[in-house]
Amino acid sequence: MQGITSKNSLLISDSKDTKKAIQILKNLYIDDCSRKYPNVPKQYIPAPKYTDKTANGLTRCIIDYIELSGGQAERINCTGRIIDSRETCTDVLGHVHTIGKLHYIKTAGKRGTADISATIQGRSVKIGADRQSDAQKEYQRSIETSGGLYFVAKDFAQFLSWYYLTFGRAEHER
């Protein structure tokens, strides 16, 4: 059928243009800074170096885009922590000894939680950036079963095309 494009085909065809997507993010950042600092000319506002080649870089791109577009987003940290109960002491001969050990404490959060929790146009959205573990797949099922939105982003261009399909383009991007 000509003229009809499915959402999945848009996600696949648009995801190849990462440089353009990151440039859109940089332009949003510069526009936001020029509103905050009207006396500084746009050409003198340095844009951050965004990348989606790593999970941390992709997470930062997504959070910044959502916040610059008027939404709220935050990174969710669900790792445990290490408690160091070691002590260093010196014996009578002058030898230094370390006594004690490191203890790992599991997280109090829910296993498999999404990397990003956001509110976009009044809707709660969970976003995973990178590959999913089995616990994350189960978490995704529970979010979608309860009527929430969950999206797994492989790169920033794919996230951007999903965002446009789900929430539409912002006025400043038309």
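**The hairpin and the rest**

Modeller: Start with strands β3 (residues 87–90) and β4 (residues 96–99), which run antiparallel and are joined by 4 bridges. Keep in mind that this is a predicted model.

Colleague: How many residues sit between β3 and β4 in the hairpin?

Modeller: There are 5 residues between them. Gly-94 is in the turn, with a positive phi of about 95°.

Colleague: Which residue is the bridge partner of Cys-89 in β4?

Modeller: His-97 is the partner. Cys-89 itself is partly exposed, because its relative accessible area is 33%, and the cut-offs are under 20% for buried and over 50% for exposed.

Colleague: And Cys-61, buried or exposed?

Modeller: Cys-61 is buried, at 0% relative accessibility.

Colleague: How many disulfides in the whole structure?

Modeller: The search finds 0.

Colleague: New topic, the core. Which residues of the largest nonpolar core touch the most other members?

Modeller: Ile-62, Tyr-65, Ile-66, Phe-156, Phe-159 and Tyr-163 do. That core has 30 residues. The elements giving two or more residues to this core are α2 (18–36), α3 (55–68), β6 (116–120), β7, β8 and α5 (156–167).

Colleague: Which element gives the most?

Modeller: α5, with 8 residues.

Colleague: What covers the buried residues of α2?

Modeller: α3 and α5 are among the elements that do. The buried residues of α2 include Ala-21, Ile-22, Leu-25 and Leu-28. Asp-32 and Ser-34 are also on that buried list. α2 has 19 residues and spans 27 Å from first C-alpha to last, close to the 27 Å expected.

Colleague: Now α4. Which of its residues are buried?

Modeller: Gln-136, Tyr-139, Gln-140 and Ile-143. Down the axis of α4, the buried residues fall within an arc of 105°, so they line one face of the helix.

Colleague: What do those buried residues pack against?

Modeller: β7 (123–129) and β8 (149–153). On the other side of α4, Asp-134 and Thr-145 are exposed.

Colleague: How far does α4 reach?

Modeller: 17 Å from its first C-alpha to its last, close to the 16 Å expected. α4 covers residues 134–145, which is 12 residues. Gly-147 follows α4, with a positive phi near 90°.

Colleague: Back to the strands. Where does Ile-116 lie?

Modeller: In strand β6. Ile-116 is buried, with a relative accessible area of 0%.

Colleague: What is Ile-116 in contact with, leaving aside neighbours within four places in sequence?

Modeller: Contacts of Ile-116 include Thr-59, Ile-62 and Ile-63. Ala-73, Glu-74 and Ile-76 are also among them, as are Val-125, Lys-126 and Ile-127. Ile-127 is 11 residues from Ile-116 in sequence, and their C-alpha atoms are 5.0 Å apart.

Colleague: Last one. What is the phi of Gln-121?

Modeller: Positive, about 50°, although Gln-121 is not a glycine. Most residues other than glycine have a negative phi.

Colleague: Where is Gln-121 found, and is the residue buried or exposed?

Modeller: Gln-121 is in the loop between β6 and β7. Gln-121 counts as exposed, because its relative accessibility is 60% and the cut-off for exposed is over 50%.

Conventions. Residues numbered from 1 in each chain as written. Predicted model: local features only at pLDDT ≥ 70, side-chain atom pairs only at ≥ 80, totals over all residues. Heavy atoms only, no water. Expected span 1.5 Å × (residues − 1). Buried < 20%, exposed > 50% of the residue type's maximum accessible area, 1.4 Å probe, protein only. Arc of directions from axis to C-beta. Contact = heavy atoms within 4.5 Å. Disulfide = S-S within 2.5 Å. Pairing = 2+ DSSP bridges. Core = buried A, V, L, I, M, F, W, Y, C linked by side-chain atoms within 4.5 Å.
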